[in-house]
Amino acid sequence: MNTRPSIAPLLLLFSLAACGEQGEAGSVPGAAAGAESEQDVRVFVGARILDGTGGPLVEDGVVIVRGGVISEVGASDVVTVPADGDVVDLEGRFLLPGFINTHGHVDSGGDRSDIGEQLDIYAHYGITTVLSLGDQADAPREERWSPTLDRTRLFVSGPSLSPASPADAGDEVARVAAMGADWVKMHVNAGGGRDTYPDVIAAARERALPVAIHIEELEDARGVLEAGVTLLGHSVRDQPVDEDLIERMLERDVCLVPTLTRELSTFVYADRPDFFDDPFFLERSAPEDLEDFLTPQRQAQAEGESARYWREALPLAMENMVRLHEAGVGIAMGTDTGPSGRFQGYFEHLEMEMMVEGGMSPEAVLVSATGEAARCIGLEGVLGTIEPGVWADFVVLDADPRDDILNTRTIHSVWIAGNQVR
Ligand SMILES: [Zn+2]
């Protein structure tokens, strides 16, 4: 995993402020919760551990969880299994941090209206944390740092901001801050946002709120970096990334979220997609839910001008992702799931498959979906790795995802705060 200095003091502030619901000033939520309920001990034994940092696999590993937080981890010959623990035998299976989607949408406007159901679906597929970028800020998050949490952890930005003028930026940011948003989100493209983003970013920074921006073009990516953006919410898709952009991203430690499946979703319904017959997909989609995608109108839309544009932009988005990754820029797995035709839970696995297709190694993609994703959104040391002090969110797989990224779909079980959710 990337060991450059942490993003910026801003994100540390964010992480402490966002996680401060536990009360203790200056402490991370994991440590606080663990101390509160030491009596609740669960011990995972026999697993082959991939820790989410890209470190070596630990054979015959033991993970001890107290009050929802990892307290100890290591090989069975160095970690002593406590006598009072509830033991979970995972012999020969692969234990990884739960996957983190750094660009999702959890709201009532997509194919499914119930927010709790959406969080359950993400959890079912092993997506244990979602950053929802551009939706209601009032989605339920009160249990986010509870040891009894049993569905996906949710972080939200509130609605994507589009102030009418730079002078309105401060009020817009104040509005989402008052809603309790964890992030600020806005769009910057040919459709708008270019004259207002410097003021939005400045106003968000004043409140120690991180900012994710939807960009499509290289020049916008450069501009928002210069203004102090925290996260690039999509790929650069209009031209190849250049040395200047790479340097700015490295210098400011800003990550990019590829959202390759977002492009895929614009054109994949031109024909009946193969995944409509995938049993893993059908676990949480009924065949009658898919009928809308098989109508002549839907198929024509997927062959329209806009769809063609994104289809043609996808190979460049993939090349840019790899170029940035190879230069050491952080890549955070994210999908833009939630809107119609971008299936929550399943599309995160499809995203990881496409990231490998694009040229990243399975090992790098796994880190990008766990430890690196957490680091990119200011939650390093809190989520995304199998290390002491980190919340016990795990995906357990039957087959090695390093051999084949499709093995992320061989899910044996999913755990959030040490609680089994699948
Ligand atoms: Zn989005």
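**View 1. Strand S6 and strand S7 (residues 127-132) pair in the parallel sense, with 4 bridges between them.** The model shown here and in the following views is predicted. Within this pairing, Ile 100 has Thr 129 of S7 standing opposite.

**View 2. Strands S6, S7 and S8 follow one another in that order in an open sheet of 3 strands with parallel pairing.** Because strand S6 (99-104) and strand S8 (153-156) each have a single partner strand, they stand at the edges of the sheet, and one side of each is left without a neighbour in the sheet. From one strand to the next, the twist averages 15°.

**View 3. A further open sheet has 4 strands in the order S9-S10-S11-S12, again with parallel pairing.** Its edge strands are strand S9 (184-187) and strand S12 (255-256), each of which pairs on one side only. Strand S9 is joined to strand S10 (residues 211-214) over 4 bridges in the parallel sense, and Lys 185 has Ala 212 in S10 as its bridge partner.

**View 4. Helix H8 (residues 260-267) is mostly covered, with 8 of its 8 residues buried.** The buried residues of H8 are Leu 260, Thr 261, Arg 262, Glu 263, Leu 264, Ser 265, Thr 266 and Phe 267, and what covers them includes helix H11 (305-326) and helix H12 (346-358).

Technical notes
Residues numbered from 1 in each chain as written. Predicted model: local features only at pLDDT ≥ 70, side-chain atom pairs only at ≥ 80, totals over all residues. Pairing = 2+ DSSP bridges. Helix = DSSP H or I, 4+ residues; strand = E, 2+ residues; numbered from the N terminus. Axes fitted to C-alpha atoms, helices over the stretch in contact; angles between N-to-C directions. Buried ≥ 20, exposed ≤ 12 C-beta atoms within 10 Å, placed from the backbone. Contact = placed C-beta atoms within 7 Å.
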